[in-house]
Amino acid sequence: MTSALSSLAEAIDVARGILPEGRDIASLTPAELIALNEQIGRGKRLAESVQALVASEIQRQSRPELGPDSLAKIQGFRNPTQFIAATMGTTTGDAARLVKVGEATTPRMLLSGDKAPARHPHVGQGLSDGRIGAQAASAIIAMLDRVAIRAGAEKVDQAEKLLVEQAAGLPLDALSKLILRAEAWLDPDGVEPREADLAAETALTIRQDRTGMIILTGKFDPVSGAPVKAAIEGMVTARLRAERDAETARVTPSPDAPATPLLDETTDAERRTIPQMQADAFVSICEHALGCDESDLPLNGVTVVVRMSLETLREGTGTAEIDGIDAPISASAARKLASSASVIPCVLGGDSEILDWGRERRLYSKSQKLALGERDGGCAGCGLPPHFTKVHHIRWWMRDAGPTDLDNGVLLCESCHHRVHDNGWDIQVEGTGRKGRVWLIPPAHVDPARTPRPAGRARYDFAAA
């Protein structure tokens, strides 16, 4: 507790030093703004660490057996969560989560009066160091407690340590993906029963309102929803790229281009939003299914890939993954998908196609992109699914005479691709195959030491899986 308070005070002092009294935020240099943002983030996490400790102690001093001597009741509250929520300006649900985090990360008092170690010491250390916040800690603890009996203490401890290490610096939505995969690793036998429950909830309702609008409300389990998600996202991605290319051609026409405009003049109000484009894509798919004249849908090369080990395919044990779907699937579901004509199974450990093309071609092949997807898991920078990415030459094709080989390729989305090209970031790959590790190296003006940062699968996949 004393250590956490001391660290919090230090973070506050550093932040005050960056923004002294009387100085405006707008006057900060980029380096000062980044440093201030980092200190605010660390201070927030440290404050949540202290909050969790305080909340658990308020809970202990407000336990039911104390009756009218309960700390919460003395303060005029029915229970400790109401007391904590009112004083911290949060909800009772958030207060309850703080209590659980505090109870799980502090030493326990036994009936004998002795103290036992905390149930989740790695999470507690991550909190007190300011590496993770209370929400991340709560999500990790909830999952570990859910599978503790089936997984065993040793595996739970290993998963807890790895999750805390990987959680530092990750947004909560990316952490939730890690937690799902960690849970599948800890409790592979629990994946198939959960799939059955999700499949039972799969439904699509269609109704028409008074204005004539058709309203669809749907829920799909990961297996049946994967091709739906991949097809719609693929069509939207293709449309966005086509619009961007057309806009580029309009702004910078070639000397031989006709004088007529290449794009219809449209107002912002007429431009389609992403949800509208998704609706358009769904309509196109249905029209195609009904036998429209269009022979091919603009899916932009999107592919549904189910990834499994050779053991999973042969013996039906373990779990598998689907590109773009966070939740792992059971071995039986993976084997069914592997036999589907509309899905590409990627079996790890079997014979592989020869994929290196050297300087004979500039563009990476579809097979090469699938292979790089196994190593990178999607965009190496931000973790977007593979169908949102293109293959980028690490050593540029024109500038560096870089070959179109797997060891010179990396998957990047459009935004991360521009960041690498325009802002001076470098990419380094260690090792080959799926176990190869990708590192992003910041330019000197971002990090004078140019310390490599983990990227790709090593950043966004559960390390033990």
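**Notes on the predicted model**

1. Taking a disulfide as a pair of cysteine sulfur atoms within 2.5 Å, the count comes to 0 disulfides. Cys 379 is in no disulfide, and the nearest cysteine sulfur, that of Cys 416, is 3.7 Å away; Cys 413 is likewise in no disulfide, its nearest cysteine sulfur being that of Cys 416 at 3.7 Å. Cys 379 is buried, at 1% relative accessible area, and Cys 413 also counts as buried, at 5% (buried is under 20% relative accessible area, exposed over 50% and partly exposed in between, with a 1.4 Å probe and protein chains only).

2. This is a predicted model, in which local features need pLDDT of at least 70 and side-chain atom pairs count only at pLDDT 80 or more, while totals for chains, interfaces and linings use all residues. Residues are numbered from 1 along each chain as its sequence is written, and side-chain values use heavy atoms, with hydrogens and water left out.

3. A nonpolar patch on the surface is formed by Leu 204, Ile 206, Ile 214, Leu 216, Phe 220, Val 228 and Phe 282, which together have about 620 Å² of accessible area. The elements giving two or more residues to this patch are β3 (203–208) and β4 (214–219). Ile 206 lies in strand β3 and is exposed, with a relative accessible area of 59%. Accessible areas come from the Shrake-Rupley method with a 1.4 Å probe.

4. In helix α15 (residues 366–376), the buried residues include Leu 372 and Arg 375, and just after α15, Gly 377 takes a positive phi of about 80 degrees. Helices (H or I, at least four residues) and strands (E, at least two) are DSSP runs, numbered from the N terminus.

Methods. Patch = residues over 30% accessible without salt bridge, like charges linked within 9 Å, V, L, I, M, F, W, Y side chains within 5 Å. Salt bridge = Lys/Arg side-chain N within 4 Å of Asp/Glu carboxyl O.
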